[in-house]
Amino acid sequence: MAQPGQSAAAALASSLESVLRSRGSANRVFEILELLQVDEEDVVLCAIRTCSRLFGALLERGELFVGQLPEEETPLADNYNAEDKYKIWMRHRYNSCVNCLVELMGHEAFQVKELSLATLMKFVELEGKYPLVKAEWKGSFSFPRELLKLVVENLIPCEEDSSLLISRFQEYLEYDDIRYFVMKAVAENIGQVMQKTKEVPLPVYQQNVFSLISSISMPSQENEVVNFMVKQANQEEWKVSKLKEHKRAFERMWLGFLKHKLPTGLYKKVLVILHDSILPHLNEPTLMIDFLTVAYDIGGAISLLALNGLFVLIHQHNLEYPDFYKKLYSLLDPSIYHVKYRARFFHLADLFLSSSHLPAYLVAAFIKRLSRLALTAPPQALLMVIPFICNLFRRHPACKVLVHKPSGPEDLSEDPYIMDEEEPSESRALESSLWELQTLQSHYHPDVAQAAAVVNQSLSELEDDVSELLELSAYELFDRELKKKATSVPLEFEQVRGLFGKKDDLFAEHFALE
């Protein structure tokens, strides 16, 4: 006995053959379209494949109406012949199929979503090759933008996470024309959706948008824009073949996305990729200053991550940021030795504090606060920050007064340094001394104690390379200790004569007497 899926497949095959063989059987297309809306997953999948073959063949054969499609309910004028009327009718069936496939992109079964997406993208390719829109003039360029826009809109829904489907869509973003029109469609969609919410964050929608736009890999040179899904007659004259146009669409898309308030987790994800994957591809990177300023003022890990983007704008695009070092100083709190972005922060802090033109009071404030926070830091962080502080001394010899101050404070109660002062110039750091590093010379971990003892000696002119220490973890530190070779340690300065092995042993004599 035939299974329901097998009987449906046979019926679909029969309908497909009839419609393609004879226009007299055109009404059987409804039998195919109806099965797109049933509950059985395998039947729906079979119906999608049948629609793909049917309308793919009709597009190739030119049996769909080309031009402005009349409304289906409107009586057709006498100037349409039987051929035109058939093509108009079948074009409406094609539109119905597209609408069903768009809805199926939200189906609960991923296989259905995936096949619907693949079929729609096949139609995009075929519509590009066999346009359904009349050319405005001879030699004009055509692309099925509206169909692709429907696909994009349903890739980024507001209520359902579609990251898995977006990962399936990434292969199409390798095409330069697809990528360009996807960026245009996303920018337009963001404006429409976010305007309706009146700036209230939409976490699911914004995460979907980020999943899509962060997967876009931009070309870096003009000669890389050569891979097109839809071939045009004068390809080199098409604006989609210009790198500048891609950058403009990319910039508009990202600026449109980032001008709206983001969920906290999304701020972090954006900032992690900003300096590598976004800023280099913008026509005007300085337009990102508003977003970075807002992110930098949020505090915590988000501020740490915003440093990367600000560094690029300050050093490569001559951005002036008022009170930058005051803000950088305020980021120094106990968490900097524990956050997973510690390495990135200290790498950037090292770059920002590298200038020899910085005033001594400012560098001294950084040294002092880092040292105070070091009192509660884990060993792996201390082994990184102590060489970091020593490098600051090498660059700014005027700060060595913190070390060589015999009359300086010996503990916290006598220290004039004001830890809670937000303004580095008012912290009185230069009046203090580094008793914290003196304290760390008694640390329980021998490597830390040894590292802290360096300040007792004259520092060499050559800076320590802290790059390898930035990523040092507790596991690596423990593993390093395990791999150390054990050395013989003397436990007694007089050689032991033995317990029972010699005649003059007291215990041996005692037992002998008994």
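What share of the 514 residues of the protein chain count as buried?

**Figure 1. Overview of the predicted protein chain.** Of the 514 residues, 48% count as buried. The secondary structure consists of 21 helices and zero strands. Among contacts with a separation of 6 or more, 72% come from residues 24 or more positions apart. The accessible surface amounts to about 27400 Å², and carbon and sulfur atoms contribute 51% of that area.

Figure 2. Searching the whole structure gives three cavities of 30 Å³ or more. Rolling a probe the size of a water molecule over the atoms shows where empty space is left.

**Figure 3. Close-up of the lining of the largest cavity.** The lining residues are Arg-145, Leu-148, Lys-149, Phe-181, Lys-184 and Ala-185. Two helices, H6 (145-155) and H8 (176-197), each provide at least two residues of this lining. By class, the lining holds three nonpolar residues, three charged residues and no polar ones.

Figure 4. Thr-50 has a relative accessible area of 1%, and because buried means under 20% relative accessible area, Thr-50 is classed as buried. Leaving aside residues up to four places away in sequence, Thr-50 touches Leu-12, Leu-16 and Ile-32.

Note on methods
Residues are numbered from 1 along each chain as its sequence is written. This is a predicted model: local features need pLDDT of at least 70, side-chain atom pairs count only at pLDDT 80 or more; totals for chains, interfaces and linings use all residues. Side-chain values use heavy atoms; hydrogens and water are left out. Helices (H or I, at least four residues) and strands (E, at least two) are DSSP runs, numbered from the N terminus. Buried means under 20% relative accessible area, exposed over 50%, partly exposed in between (1.4 Å probe, protein chains only). Contact means heavy atoms within 4.5 Å. Accessible areas come from the Shrake-Rupley method with a 1.4 Å probe; for residues, only the protein chains shown count as cover. On a 1 Å grid over the protein atoms alone, a cavity is a set of points where a 1.4 Å probe fits but cannot get out, and a pocket is an open set with protein on both sides within 12 Å along at least five of seven lines; lining residues have an atom within 4 Å of a point. Grid points are joined across faces, edges and corners, and a volume is the space filled by probe spheres set on the points. Ala, Val, Leu, Ile, Met, Phe, Trp, Tyr, Cys and Pro count as nonpolar, Asp, Glu, Lys and Arg as charged, and the others, Gly among them, as polar.
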